[in-house]
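Please brief me on the pocket, the surface and the charged pairs of this model.

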Amino acid sequence: MLRVFSLLLPCLIPSWRFFQAIEPSPRVEWRMVCDLPTPTSSWVPYNPRPQTTSVFTMLRKLFWNPAWNDDLFMVSLSERLTLAPSTHSIDEIRARITRQARRGAPSLSPTSQLQFRLVFISRGDASDASAIVTETTYVSAPFAAFAP
């Protein structure tokens, strides 16, 4: 019985040693672009986190949280896009942003265009560790909100 418990323990309490270093956290932001030289809307975060969460919601999210899985996938795509840009990463991010834009902005027209950017957020240097530093690493070309 002790052997079974020793095999089960690493599954219940995983090791966090797989983090080589703490890297900046990527965020995906998008905006609607009407006139290319002067975009008409400000950047909106993709799937913004709620300011407050009830205890019931936290408990439910322990067992069922597909939105968080989608956010983790977006982080993975963002990191891949920064390290080695590929059409797959760009297409996946575009598809998710388009879906969110259609849900959140019912005024989208067939000629509407969207754009996204990757922003990495990190803490300041040793002299000012409380400062939050944002760095834009990628800005996409405008793309159609509705595929032709």
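Predicted model: local features only at pLDDT ≥ 70, side-chain atom pairs only at ≥ 80, totals over all residues.

Residues are numbered from 1 along each chain as its sequence is written, and side-chain values use heavy atoms, with hydrogens and water left out.

**Largest pocket**

- The largest pocket has a volume of about 420 Å³.
- A pocket here is an open set of points on a 1 Å grid over the protein atoms alone, where a 1.4 Å probe fits, with protein on both sides within 12 Å along at least five of seven lines.
- Its volume is the space filled by probe spheres set on the points, which are joined across faces, edges and corners.
- The lining of the largest pocket counts 16 residues, where a lining residue has an atom within 4 Å of a point.
- P26, R27, Y46, R49 and V75 lie nearest the centre of the pocket.
- β1 (25-33) and α3 (66-83) each supply at least two lining residues.
- The largest share, six residues, comes from α3.
- Helices (H or I, at least four residues) and strands (E, at least two) are DSSP runs, numbered from the N terminus.
- By class, the lining has nine nonpolar, three polar and four charged residues.
- Nonpolar covers Ala, Val, Leu, Ile, Met, Phe, Trp, Tyr, Cys and Pro; charged covers Asp, Glu, Lys and Arg; the others, Gly among them, are polar.

**Nonpolar surface patch**

- L2, F5, L8, L9, L12 and I13 form a nonpolar patch on the surface, with about 640 Å² of accessible area together.
- Such a patch joins nonpolar side chains (Val, Leu, Ile, Met, Phe, Trp, Tyr) within 5 Å, from residues with over 30% relative accessible area and no salt bridge.
- Areas come from the Shrake-Rupley method with a 1.4 Å probe, and for residues only the protein chains shown count as cover.
- L9 is found in helix α1 (residues 2-12).
- L9 counts as partly exposed because its relative accessibility is 35%; buried means under 20%, exposed over 50%, and partly exposed in between (1.4 Å probe, protein chains only).

**Salt bridges**

- The model has three salt bridges, each a side-chain nitrogen of Lys or Arg within 4 Å of a carboxyl oxygen of Asp or Glu.
- The side chains of E29 and R117 pair at 2.6 Å, N to O.
- This pair links distant parts of the chain: E29 is in strand β1 and R117 in strand β3 (residues 113-123), 88 residues apart.
- Both E29 and R117 are buried.
- D70 and R96 form a salt bridge at 2.7 Å, N to O.
- That pair joins helix α3, which holds D70, to helix α4 (residues 87-104), which holds R96, across 26 residues.
- D70 is buried at 17% relative accessibility, and R96 is buried at 15%.
- R96 also forms a salt bridge with E92, with the closest N and O atoms 2.6 Å apart.
- R96 and E92 are four residues apart in helix α4, so about one helical turn separates them.
- E92 is partly exposed, at 25% relative accessibility.
- D70, E92 and R96 are linked in a network of salt bridges.

**Backbone**

- Most residues other than glycine have a negative phi.
- N47 is not a glycine, yet has a positive phi of about 45 degrees.
- N47 sits in the loop between β2 (44-45) and α2 (55-63).
- At 21% relative accessibility, N47 counts as partly exposed.

How values were computed:
Patch = residues over 30% accessible without salt bridge, like charges linked within 9 Å, V, L, I, M, F, W, Y side chains within 5 Å.
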